[in-house]
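Welcome! Let us take a friendly look at some aromatic rings and at one strand residue.

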Amino acid sequence: MACRKEESTTSTSSSSSTEIIKTSTSAKITVLHENGSTQEGVVVLMFDAKVETDKPLPRILKEAVTDSNGLAYFDLAFFESSEGQTFYFAGFTKNSDDSYSLIGKNQPAFTLKKGHVYSSEIVIK
């Protein structure tokens, strides 16, 4: 888990929407295939509990779709009041019935600290 402090305002975009990150508390998740190539169009979901394959999904807190560089951006300003809480990120495909199928092999987790930019990778099958 890498994190750094960043004070500037950053503008980011994804293939499905554009989000302006107005806080220095954010996360950037890169989604890679096992062969190392970046993956566009993967749904990355944020939870306050780890996803377990044999149980229903925890409550989804945020959703982002990876852009052409395989990046999903999360503005965590809303969650700054939850400093010290751990958040989990996982990669999914969205099914035609609006359900999700887990395709990520790992789930990065960050314990939130106000003013930090978190960066990690999810490897998909």
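## An exposed ring and a buried partner

Phe78 counts as exposed, at 71% relative accessibility. Here, exposed means over 50% relative accessible area, buried under 20% and partly exposed in between, with a 1.4 Å probe and protein chains only. Phe79, in contrast, is buried at 8%. The two rings, Phe78 and Phe79, have centres 5.3 Å apart and planes at 85°, so they form an edge-to-face pair.

Rings of Phe, Tyr and Trp (its six-membered ring) pair if their centres lie within 6.5 Å; planes under 30 degrees apart are stacked, over 60 edge-to-face and the rest tilted.

## About the model

This is a predicted model, in which local features need pLDDT of at least 70 and side-chain atom pairs pLDDT 80 or more, while totals for chains, interfaces and linings use all residues. Residues are numbered from 1 along each chain as its sequence is written, and side-chain values use heavy atoms, leaving out hydrogens and water.

## Aromatic pairs

How many aromatic pairs does the structure hold? There are seven. One of them joins Phe74 and Phe89 edge-to-face, at 5.0 Å centre to centre and 65° between the planes. This pair links distant parts of the chain, with Phe74 in strand S7 (residues 71–75) and Phe89 in strand S8 (residues 86–94), 15 residues apart. Strands (E, at least two residues) are DSSP runs, numbered from the N terminus.

Phe74 is buried at 0% relative accessible area, and Phe89 is buried at 0%. Together with Phe110 and Tyr118, Phe74 and Phe89 form one aromatic cluster.

## Ala72

Strand S7 also holds Ala72, which is buried at 0%.

Note on methods
Helix = DSSP H or I, 4+ residues; strand = E, 2+ residues; numbered from the N terminus.
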